[in-house]
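Hi there,

Here is the structure I promised to pass on. My notes follow below it.

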Amino acid sequence: MKRTWRFWLALWAGKIITTGLLATGKKGTTLPGKISNWFDPQIMKHLSESYTDGIIMVTGTNGKTTTANLLASILGEAGKDFAFNQAGANLVTGITGALIQNTSWRGTARARLALLEVDEATVPKFCKQVTPNLAIVTNFFRDQLDRYGELDTTVRMVKESLPKETILILNADDPLVAQFGTNLTKAIYYGVERTPDSREESQETREARFCPSCGTALEYSLFHYGQLGVFKCSGCGFHRPEPKILAQDIHQNEGALLFQVNEVTYQIALQGYYNLYNALAAFTAARELGCEDETIARGLRVFIPQAGRMERFYLSEGEATLTLVKNPTGFDQVIQTMIGVNKSLGILIGINDLAADGRDISWLWDVNFERLGEQDRRIKKVVCTGLRAEDIALRLKYAGVSVEKLILEHSLEGALDHLKKTRAEDEAWFVLPTYTLLFPFRGILENLQNSAGLTKSEAKGGKEARA
Amino acid sequence: MNLKICHLYPDLLDLYGDRGNILTLASRCRWRGIEPDIQQASLGEDLDFMSMDILFIGGGSDREQGLLVQDLMRREDELRKAIENGLVVLAICGGYQMLGKYYQMANGERIDGLGILDVWTIAGTKRLIGNVVVELNPTILGVDSQRLKTLVGFENHSGKTHLGEEVSPLGKVIFGNGNNGEDSGEGVRYLNVFGTYLHGPLLPKNPHLADLLLELALKRRGIDTLLMNLDDRLEELAHKVMVKRLLKQA
């Protein structure tokens, strides 16, 4: 496609702003992306065409960032160069900004491959301009309904906008995702045999109770979490597809997940079985890109969890785990993980309702906090903060957490002070913010960690993760 | 003593944390020594509306709503009789629309509702999304004036609902859109039926409405005592913080 004066104007304006932002020490993707799109609304298309080895897209409700980062770690081990929208900047502006950073002033791409996380609602706009070689679809859960209307609409939008030429890498265990591959030859599935948490009956929020193609109630022989499991439809025969990459012999120990694929054991430094799916998605894509199993194993092993996904901080009073919460299924998984540590719990929950958090907080009532209420004896305190501190406190009251353990504190520093004030001998601390509170909390925790004088590797006993 | 609370089609109509409303009714019964008997009714299941105390109908996605209008149509007569008898109903969003006369789609086609409420809904072009504060109409609620005088919640609907002359809204919208974004009315009360667009969920932060439903249900059973007061400091705080914040924005 011929590049017009609009393209050059857009590119150079974007590059000038990026350089300026980087020079002043700021992350520069959104603003340059915005300006460039203003000059040339087709800029993503023009930029993406320079990536000769193609574009890999990662989308879905949960696990996009972790999946993209795991794949990046594997590609790094494989010695591949690629463009990457690392900061979770997954809307049109952020994606454009990341591509501009990886494009020279002369308009050539600095890498042959681009790995792009794309927000579900942005997929239609993105795919109108860009045809990905590979598209990973992780899962679909209820998330920020006020932004997307209803889940059905989101799923349909993504499905209809994926180009025919794109090879789909799909979660076999999620019926909403698996249906994308019906009648497609270019679909590759990954899935899980069974985790220690898999059950014959489900108590959780489930999105897909009915067959996405014919509307008959789906029958499950096993639930892994949410609507993920081994399902079939008695109406039209739709069933969980046979995964090409199947994880077996799954277990968790010392903050790591272990699993086997084709009788080879793999390990990642992440907690929660939902992260296994992210590893499998990255695994499947890496295979498709020609990576050797050994490279994949190394890429997964050296991966260091990114900002706010079960990230550990070592404070002078003890260790705290920070993790983002943004929808019922994700929160349910965090609760499961907290209960699984078998310690008494000091919890801080921060709920904001700004646009990036989702303005509607009714999803808090779909989270199974009752499971936490059942563990009330183990809970030492729950500090509630954020613009919706009172709402989360109220939710916990109705879930059976004793009211005298609930602490309302609107200042973030104050909230952390309450958490740290007392610590039982075996107390584990969890800090659970929504999106707009994540980075503020992360900043405070990093400062506290620095003033405690411990770096992560020292606190782990000198074990260097990137061995 | 027990109260029978039926959550209609929770497997179909469960958008927006609807189960919070049931959890709230159940807890507020239990804290007063009343045993809540919760029935989660699925499509096609036997339902005896007359023997229920409180019926809750929530909102669902369009496809799922279509499925169950058909199912409810078969039971329209029994439901109508129970409502005339004083059955307490809380119907939110889709549930509210379904109890009305019809839903008129963008192409002009009308889907029949149950016609129990004198309201009708016309598809709008824009979704009405956001927080809502309603100043309650005191005669509609008939509750003691000591408590909260507003309702607070969140709306997300594209249908615009209009009220017939026989029925009145729950109150006046002072923040947000309400029934149709035009006449500043929100919700409806007819006998002991409460229809509204407020999810959020509605009852946890509006304990005065939750208690009104319980009181009306007990009254229908012939028990005319005042409900025991509960410690609602947290509920009222959550309510007031939100009202204050929204009205400051406005």
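A word on terms before the notes: helices (H or I, at least four residues) and strands (E, at least two) are DSSP runs, numbered from the N terminus. This is a predicted model, in which local features need pLDDT of at least 70 and side-chain atom pairs count only at pLDDT 80 or more, while totals for chains, interfaces and linings use all residues. Residues are numbered from 1 along each chain as its sequence is written, and chains are lettered from A and ligands numbered from 1 in the order in which they are written.

**Two asparagines in chain A**

Asn183(A) sits in the loop between α9 (175-178) and β6 (187-192) of chain A. Its phi is positive, about 65 degrees, although Asn183(A) is not a glycine. Most residues other than glycine have a negative phi.

Asn342(A) counts as exposed, with 9 C-beta neighbours inside 10 Å.

**Domains**

An automatic or database domain assignment divides chain A into domain 1 (5-301) and domain 2 (311-459).

**Where the chains meet**

On the chain B side, 25 residues are in contact with 20 residues of chain A, contact being C-beta atoms, placed from the backbone, within 7 Å. Elements giving two or more residues to this side of chain B include α1 (19-30), β7 (119-136) and α8 (233-249).

Best wishes

Conventions:
Two residues are in contact if their C-beta atoms, placed from the backbone, lie within 7 Å. A residue is buried if 20 or more other C-beta atoms lie within 10 Å of its own, exposed if 12 or fewer, and partly exposed in between; C-beta atoms are placed from the backbone.
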